[in-house]
Amino acid sequence: MTSLFFLTFLFSSLLTRNADANPNYIEALSKSLLFFQGQRSGPLPPDQQVPWRASSGLSDGSSANVNLIGGYYTEGDNVKHNFPMAFTTTMLAWSTLEYGDQMGPEIQNARVNIRWATDYLLKCATATPGKLYVGVGDPKADHACWERPEDMDTPRTVYSVSSSSPGSDVAAETAAALAASSMVFRGVDSEYSRLLLETAKSVMQFAIRYIGNYSDSLPYVRPFYGSYSGYKDELMWGAAWLLKATDDLNYENIIKSLGGGDQTDIFNWDNKYAGVYVLLSQRALVNNDNNFELYKQEAESFVCKILPNSPSSSTHYTPGGLIHKLPEVNLQYVTAITFLLTTYAKYMKPTQHTFYCGNSIIVYPDTLISLSKKQVDYILGDNPKTMSYMVGFGSNFPLRIHHRASSLPSKAVHPTPFSCNEGSYRDTQDPNPNILTGAIVGGPDQNDEYPDRRDDYIHSEPTTYINAPFVGPLAYFASGGSA
């Protein structure tokens with residue numbers, strides 16, 4: 001018999017909506033993947049589908065006599081930050097592993113996006129023995145200029161970690177990205193898959209052998225992408241992905257040696273604990289492996305901190321029903337948490353597993369799916385402003401995103417290079433001339449307000465790590481929500 005508490009929870013005003021108003025998830029999935037082509041660094045291929053971008057960063061790494069060409073610009077600037085880029089790659093790979101069968105023809109685009117990142121990460125991991133390169137570009141100099149990536153003349157400084165300047169967090173995240181991606185390519189390019197996995201093992205060994213936070217070794221990253229949660233979560237994350245890729249029990253032992261009980265109500269490029277718990281819980285829920293019961297419990301504790309009616313909820317919701325964690329780039333948390341909710345529900349479904357939040361709220365798989373759908377639909381336009389926060393999706397979307405390449409005339413229109421801050425394009429209220437299709441911006445504030453101003457970067461800037469986790473839930477709902 002269906003619980004009255006469940007019915008009350010499921011059909012609360014926060015979660016309900018008109019099913020006839022469903023957005024076109026297939027279109028959104030396609031556009032969410034297309035976005036990554038607008039973030040490409042390096043020589044662009046003939047089949048590039050974002051025509052206003054051109055090749056850039058063609059000498060990256062040369063200051064250190066290495067080839068670090070390729071990868072993605074992290075956000076609306078022209079810097080390659082490997083810590084969030086590796087997380088982006090891991091989440092694209094996890095999305096593909098969980099939901100690839102539901103992507104239809106878009107699975108090929110997902111693989112292309114992943115490989116664009118892993119080709120670069122392989123260079124970073126193998127260019128110099130004993131070093132891992134972790135970024136290209138001077139963030140402060142770059143932020144002081146508003147230039148197209150094709151024109152940038154700011155320093156392309158190269159950053160690395162080593163035995164004397166450790167970076168366990170960025171190294172373990174790189175290992176996670178390579179290990180997860182190795183499984184994506186296992187059935188389509190076995191040689192490349194093996195290369196990714198062997199490199200992942202080597203980088204993980206480096207992370208464990210030389211312990212330390214990369215933001216201590218490289219203070220420049222602290223204002224941008226410092227490792228605020230420390231390195232333990234990344235070591236668990238990297239080991240969890242290598243365990244999944246290899247079934248080598250040594251990685252299980254590493255995870256156990258790091259302990260548990262790290263409570264969290266967040267998931268993003270910095271804090272991976274919730275991702276670790278959900279990933280490992282698959283072994284308990286699907287494989288019935290009692291050795292991973294602790295992580296299932298931790299995953300459910302995390303979920304109870306997210307659900308709005310849970311007695312242990314620590315999550316604020318906007319009046320329109322959007323998860324609101326922090327003021328800056330809030331949609332990064334929404335897309336990442338939505339991925340975990342959707343995926344945990346998927347793990348629950350084979351046995352129709354349920355659990356309680358407190359003594360009264362029973363959680364079913366569909367409880368999580370309903371909340372996930374609310375978040376997806378909100379981002380795609382079902383919100384108080386009827387605005388899609390995915391650029392180019394729907395009729396009402398952000399027009400003035402904080403993104404250099406999108407806001408400046410393309411080389412095709414303006415062949416002459418722009419110098420630093422030439423023309424004050426950053427400060428105009430004109431719509432961006434180039435539509436960065438599929439980009440998801442930082443999103444509305446806690447009151448569902450969005451000013452659509454280019455200088456309001458905490459709300460108007462897109463990032464790769466907002467989009468990557470969103471791919472999985474979009475594929476799930478594009479297929480009709482089948483598990």
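**Reading a pocket and a helix pair**

Visitor: How do the residues of the lining of the largest pocket divide by class?

Guide: They divide into 12 nonpolar, six polar and eight charged. Ala, Val, Leu, Ile, Met, Phe, Trp, Tyr, Cys and Pro count as nonpolar, Asp, Glu, Lys and Arg as charged, and the others, Gly among them, as polar. This is a predicted model, where local features need pLDDT of at least 70, side-chain atom pairs count only at pLDDT 80 or more, and totals for chains, interfaces and linings use all residues. Residues are numbered from 1 along each chain as its sequence is written, and side-chain values use heavy atoms, leaving out hydrogens and water.

Visitor: What volume does the largest pocket have, and which residues are closest to its centre?

Guide: Its volume is about 600 Å³. Among the 26 lining residues, Pro223, Phe224, Glu328, Val329 and Tyr457 are the closest to the centre.

Visitor: Which helix gives the most to that lining?

Guide: Helix 9 does, with three residues. Helix 9 (222–225) and helix 14 (331–348) each supply at least two. Helices here are DSSP runs (H or I, at least four residues), numbered from the N terminus.

Visitor: How are two packed helices described?

Guide: By the angle between their axes and the distance between the axes. Here, helix 4 (residues 106–126) and helix 7 (residues 190–209) pack at about 45°, with axes 11 Å apart.

Visitor: Which residues make the contact?

Guide: With heavy atoms within 4.5 Å, helix 4 uses Arg115, Thr118, Asp119, Leu122, Ala125 and Thr126. Helix 7 brings Tyr192, Leu195, Leu196, Thr199 and Val203. By class, this contact has six nonpolar, three polar and two charged residues.

Definitions and conventions. Axes are lines fitted to C-alpha atoms, for helices over the stretch in contact, and angles run from 0 to 180 degrees between N-to-C directions. On a 1 Å grid over the protein atoms alone, a cavity is a set of points where a 1.4 Å probe fits but cannot get out, and a pocket is an open set with protein on both sides within 12 Å along at least five of seven lines; lining residues have an atom within 4 Å of a point. Grid points are joined across faces, edges and corners, and a volume is the space filled by probe spheres set on the points.
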